[in-house]
Amino acid sequence: MNPIRKLYCRTYQLAFRAALPVLPYREPTPLSGLAEILPLLQDRQIRSVCSSRTATCAIWG
(Lines give C-alpha, C1' and ligand atoms only; values in the text may rest on other atoms or scores of the structure.)
Protein backbone atom coordinates (compact mmCIF):
# COMPACT_ATOMS: atom_id res chain seq x y z
CA MET A 1 0.00 0.00 0.00
CA ASN A 2 1.14 3.50 -0.73
CA PRO A 3 2.85 4.88 2.43
CA ILE A 4 1.00 8.21 2.24
CA ARG A 5 -2.36 6.47 1.92
CA LYS A 6 -1.44 4.14 4.76
CA LEU A 7 -0.58 7.12 6.96
CA TYR A 8 -3.91 8.76 6.04
CA CYS A 9 -5.86 5.61 6.92
CA ARG A 10 -4.09 5.21 10.27
CA THR A 11 -4.73 8.89 11.11
CA TYR A 12 -8.40 8.47 10.18
CA GLN A 13 -8.70 5.39 12.42
CA LEU A 14 -6.95 7.18 15.28
CA ALA A 15 -9.28 10.17 15.02
CA PHE A 16 -12.37 7.98 15.25
CA ARG A 17 -10.90 5.93 18.08
CA ALA A 18 -10.24 9.17 19.99
CA ALA A 19 -13.75 10.53 19.26
CA LEU A 20 -15.57 7.31 20.15
CA PRO A 21 -16.01 8.03 23.89
CA VAL A 22 -17.66 11.42 23.27
CA LEU A 23 -20.07 10.39 20.50
CA PRO A 24 -23.75 10.42 21.56
CA TYR A 25 -24.78 6.77 21.82
CA ARG A 26 -28.13 5.72 23.25
CA GLU A 27 -28.87 2.60 25.24
CA PRO A 28 -31.18 0.40 23.10
CA THR A 29 -34.55 -0.56 24.54
CA PRO A 30 -35.52 -4.10 23.57
CA LEU A 31 -39.08 -4.76 22.44
CA SER A 32 -40.96 -7.47 24.26
CA GLY A 33 -42.97 -8.60 21.26
CA LEU A 34 -44.29 -7.88 17.79
CA ALA A 35 -47.24 -5.92 19.22
CA GLU A 36 -44.89 -3.06 20.16
CA ILE A 37 -43.60 -2.51 16.61
CA LEU A 38 -46.67 -0.88 15.03
CA PRO A 39 -47.15 1.82 17.73
CA LEU A 40 -43.43 2.59 17.57
CA LEU A 41 -43.58 3.07 13.79
CA GLN A 42 -46.73 5.21 14.12
CA ASP A 43 -45.06 7.43 16.72
CA ARG A 44 -42.18 8.02 14.32
CA GLN A 45 -44.61 8.55 11.39
CA ILE A 46 -43.18 5.67 9.35
CA ARG A 47 -45.89 4.58 6.92
CA SER A 48 -44.21 1.70 5.05
CA VAL A 49 -41.54 -0.93 5.56
CA CYS A 50 -39.91 -2.68 2.60
CA SER A 51 -37.54 -5.61 2.44
CA SER A 52 -35.23 -5.85 -0.54
CA ARG A 53 -34.24 -9.37 0.43
CA THR A 54 -37.73 -10.81 0.01
CA ALA A 55 -39.08 -8.08 -2.34
CA THR A 56 -42.05 -7.40 -0.07
CA CYS A 57 -43.49 -4.15 1.21
CA ALA A 58 -45.98 -3.40 3.98
CA ILE A 59 -47.97 -0.15 3.88
CA TRP A 60 -50.54 0.88 6.46
CA GLY A 61 -52.35 3.89 7.12
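A: In this predicted model, the count of disulfides comes to one, and the two residues that it joins are Cys 50 and Cys 57, with a distance of 2.2 Å from S to S. That pair qualifies because a disulfide is taken as two cysteine sulfur atoms within 2.5 Å.

Cys 57, its partner in the disulfide, has a relative accessible area of 45% and so is classed as partly exposed. Cys 9 is also partly exposed, because its relative accessible area is 27%, whereas a buried residue would have to be under 20%.

Helix 1 runs over residues 3-19, and its end C-alpha atoms lie 24 Å apart, which agrees with the 24 Å that its 17 residues should span at 1.5 Å a residue. This helix is hardly covered, since the number of buried residues among its 17 is zero.

The protein as a whole gives the setting for these values: 2% of its 61 residues count as buried, and it exposes about 6200 Å², of which carbon and sulfur atoms supply 62%. Its radius of gyration is 20 Å, whereas a compact globule of 61 residues would have one near 10 Å, and the C-alpha trace spans about 55 × 30 × 20 Å along its principal axes. Two helices and two strands are present, in the order α-α-β-β along the sequence.

Key. Residues numbered from 1 in each chain as written. Predicted model: local features only at pLDDT ≥ 70, side-chain atom pairs only at ≥ 80, totals over all residues. Heavy atoms only, no water. Buried < 20%, exposed > 50% of the residue type's maximum accessible area, 1.4 Å probe, protein only. Helix = DSSP H or I, 4+ residues; strand = E, 2+ residues; numbered from the N terminus. Expected span 1.5 Å × (residues − 1). Rg over C-alpha atoms; globule rule 2.2 N^0.38 Å. Areas by Shrake-Rupley, 256 points an atom, 1.4 Å probe, with all protein chains shown as cover.
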